[in-house]
Every structure is written in structure tokens, then in C-alpha cells.
Amino acid sequence: MSVDDFLKTAHSLPEVTENESFGGMTAFKVRGKGFGYLNEADATAMLKATRAEQAALIAESPDVFSPSWASGRFAWLSIDLTRVDPGELVELVTEAWRLSAPKRLAQTIDPTH
């Protein structure tokens with residue numbers, strides 16, 4: 001998966017905005033709540049996930065996924081975009097968006113987006 005593919009996926013979701021963030025990364029938000037970060041130079045992304053999902057993905061593919069940080073019920077997952085399966089990344093970006101979007105807005109897209 002390329003950085004451009006990641007960008008297309010993130011921008012395909014409703015009401016996504018992006019802005020510069022810490023460390024030269026680009027932040028992705030829905031209605032002001034962050035769900036992802038992109039480091040174009042390193043071809044990596046960080047996405048919001050549940051703690052259980054973070055642990056499962058890291059255990060399954062430690063060469064693709066690594067822990068970033070955790071807060072409350074959420075954990076952030078670092079992803080190597082050059083190694084991740086494109087279909088899996090679409091699911092992860094969509095789920096990260098859902099975790100941040102208001103409930104009614106999240107219901108406007110098909111879960112298999």
C-alpha cells in the first residue's frame with residue numbers, strides 16, 4: 001500500500017479533515033476528533049484502535065504492526081504501509097474513523113466500506 005492509497009482511503013470517509021501535526025505528521029480527524037496520523041517520509045501510519053485489536057494485530061503480524069500508545073479504552077497502532085495488506089488497511093482506517101465519529105455519522109457508511 002502506498003501513501004497515496006492511504007490518503008485516498010482516509011479521504012473517502014465522510015467529514016474527514018487533515019492538518020499538520022507533531023513531528024511533521026499529518027493528522028486526520030472527523031468532527032474535530034483524531035483517528036489517524038500519517039508520516040509520509042517513513043511510509044507509516046498510526047490509527048486509533050481498541051486495546052484488544054491493537055494486541056491481536058501486533059501478535060499476528062509484528063513486522064507490520066507495532067504499539068504506539070494507549071489512553072483510556074483506546075490504543076494507537078503503528079502500521080508499516082509498505083507491508084500491510086491493502087484490504088486490511090481499508091478496514092483499519094474505517095474502524096479508526098468509526099471510533100471517533102459521532103454515532104449517527106458512523107452509521108451513514110456501510111460497515112464493509
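Axes here are lines fitted to C-alpha atoms, for helices over the stretch in contact, and angles run from 0 to 180 degrees between N-to-C directions. This is a predicted model, in which local features need pLDDT of at least 70, side-chain atom pairs count only at pLDDT 80 or more, and totals for chains, interfaces and linings use all residues. Residues are numbered from 1 along each chain as its sequence is written, and side-chain values use heavy atoms, leaving out hydrogens and water.

**View 1. Helix 1 packs with helix 3.** Helices (H or I, at least four residues) and strands (E, at least two) are DSSP runs, numbered from the N terminus. Helix 1 (residues 3-11) and helix 3 (residues 86-100) have axes 10 Å apart, at an angle of about 40 degrees. In contact (heavy atoms within 4.5 Å) are F6, T9 and A10 of helix 1 with L89, V90 and V93 of helix 3.

**View 2. F6 and F28 form an aromatic pair.** Rings of Phe, Tyr and Trp (its six-membered ring) pair if their centres lie within 6.5 Å; planes under 30 degrees apart count as stacked, over 60 as edge-to-face and the rest as tilted. The ring centres of F6 and F28 are 5.6 Å apart with planes at 75 degrees, so this pair is edge-to-face. F6 sits in helix 1 and F28 in strand 2 (residues 26-30), so the pair ties together parts 22 residues apart in sequence.

**View 3. W69 and W76 form a stacked pair.** Their ring centres lie 5.5 Å apart and their planes at 20 degrees. Together with F22 and Y37, W69 and W76 form one aromatic cluster.
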